[in-house]
Amino acid sequence: MTATETQTVQAGDQVRATIRQFITSAISLPNLDDEADLFASGIVNSLFAVQLMTFIEKTFAIEVGMDDLDMENFKSVNATAAFVMRKDGRRGG
Amino acid sequence: MVDGRREEFRTFVARHVAPCAAQWDRDQRIPDSVLGLLGDSGYVGATLPREYGGQGWDVATFGALNEAFGKGSSALTGVITVQAMVSMALLKWGTEEQKRTWLPQIAQGKTIGAFALTEPGAGSALRSLTTELAPNGESFVLNGVKRWISCAQFAGVFLVFGSLRDKGPAACLVPRDAPGVRVEPITDLMAFRGAGLAQVHFDNVAIPPASLVGKPGFALSHVAPVGLHYGRISTACSALGLLQGCFEESIAYAATRRVDDRALGDLGMIRSLIARMGTDAAAASALCYGACQAEDEHRPDAYERTLMAKYFTSRAAVRAASDAVQIRGASGCHESSPTARYYRDAKIMEIIEGTTQIHEDILGKIFVGQARRVAVPA
């Protein structure tokens, strides 16, 4: 693995951890799997989708726009982290 | 910015709103000239960026605007509320073309928007919407009925929520003059009588793809919540103004009204009512401006803080209006006193932009969830 690839992996891990922390602070599921479908499980309240969007906009200084409205981008911890990495090219996505 | 604007808002309301509010209520109509003045003042585009013709004010200033107007006329404040709901949802999820077309018109009051969400069979139960967008070649056809839509009587454009077959909840912009749109005014409401409520029929209305707002499937999870969020900020702060109005009326009356040889305010039972009212006003103010600050800082907790502010303030306004009438006695029951209108208007605050019970359901779920996380650490 090159140094750049290593940096990208580390940045991805950091993004995932930050998102995971927010999500577990918002929903009462202590052992949340990073692949668990947040919206299919019924564990989130009706505000969660916009709160998650606001969180990633504020935390990662990116704007979620109409073209980003795809449940694949937000359905799990891993999906959201991948979306942030893609959206923010500086993180190596 | 907020403190610098408060006096301006108070002066505007004292000159153009408070003296006319009772008449608008009796007429069940706000004159076009007043709506025009509201547009000229820039108040309907308070939170929109300047590039779209707005004022670019922070949300705390928007809150102060609603507080000042709420003391003067809940019905007129309702116009500001709805314009914020439509324009902020559009600002977030509209295409650049939609924003360039509609936002400057709304910001300048040249076109009034209406947020067409509620239906005869779907008030709080939004998942029960029956309004349908059906694919029709490259376009869509809209059919459905919306009810209790504020500003619809004088709206030039509707942000309509429905369901798109196989795609889920969808939102679209519909100009009032589109063929198939029919507006049926609703009169004889107990309050908000000048807010222009109507039932709106959409019969085979052609919707081009460029009129969809946000992607189909996300209208209830992302588009409507942005509008409702601003509606709740506006309503909470408007209720705060009404609450302040009740408080000021009550202390002035209690200080001057004599009962035998004592001022009304010397009676312990009256002091109790005023103590609760004044404390509620201070608590409501803290909640309202805390929510505004959270939104200004673009924090995720802005949503639940706004729910709390709207929930607390609307209920406190109902209590205060009831007590304000009680303190004035018979004169408080007559429309020559603003307390009579406050009493009627306050109840509406508990209904619009989510009932008290819907707020309790959401907030209760959030709070119970917090307790579970404390009890079962990860």
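Predicted model: local features only at pLDDT ≥ 70, side-chain atom pairs only at ≥ 80, totals over all residues.
Q: How many of the residues of H5(B) are buried?
A: Buried means under 20% relative accessible area. H5(B) is mostly covered. Its buried count is 20 of 20 residues.

Q: How many disulfides does the structure hold over all chains?
A: A disulfide needs two cysteine sulfur atoms within 2.5 Å. For Cys151(B), the closest cysteine sulfur is in Cys237(B), 18 Å away, so the two are too far apart for a bond. For Cys288(B), the closest is also in Cys237(B), at 4.3 Å, again too far. Over all chains, the number of disulfides is zero.

Q: Is Cys288(B) buried or exposed?
A: The cut-off for buried is under 20% relative accessible area. Cys288(B) has 1% relative accessibility, so it counts as buried.

Q: Where is Phe192(B) found?
A: Phe192(B) is not a glycine, yet its phi is positive, about 55 degrees. At 7% relative accessibility, Phe192(B) counts as buried. Its place is the loop between strand S6 (181-185) and strand S7 (198-207) of chain B.

Q: Is Asp260(B) buried or exposed?
A: Asp260(B) lies in the loop between strand S9 (258-259) and strand S10 (262-263) of chain B. Its phi is positive, near 55 degrees, in a residue other than glycine. The relative accessibility of Asp260(B) is 76%, and over 50% means exposed.

Conventions: Residues numbered from 1 in each chain as written. Chains lettered and ligands numbered in written order. Heavy atoms only, no water. Buried < 20%, exposed > 50% of the residue type's maximum accessible area, 1.4 Å probe, protein only. Helix = DSSP H or I, 4+ residues; strand = E, 2+ residues; numbered from the N terminus.
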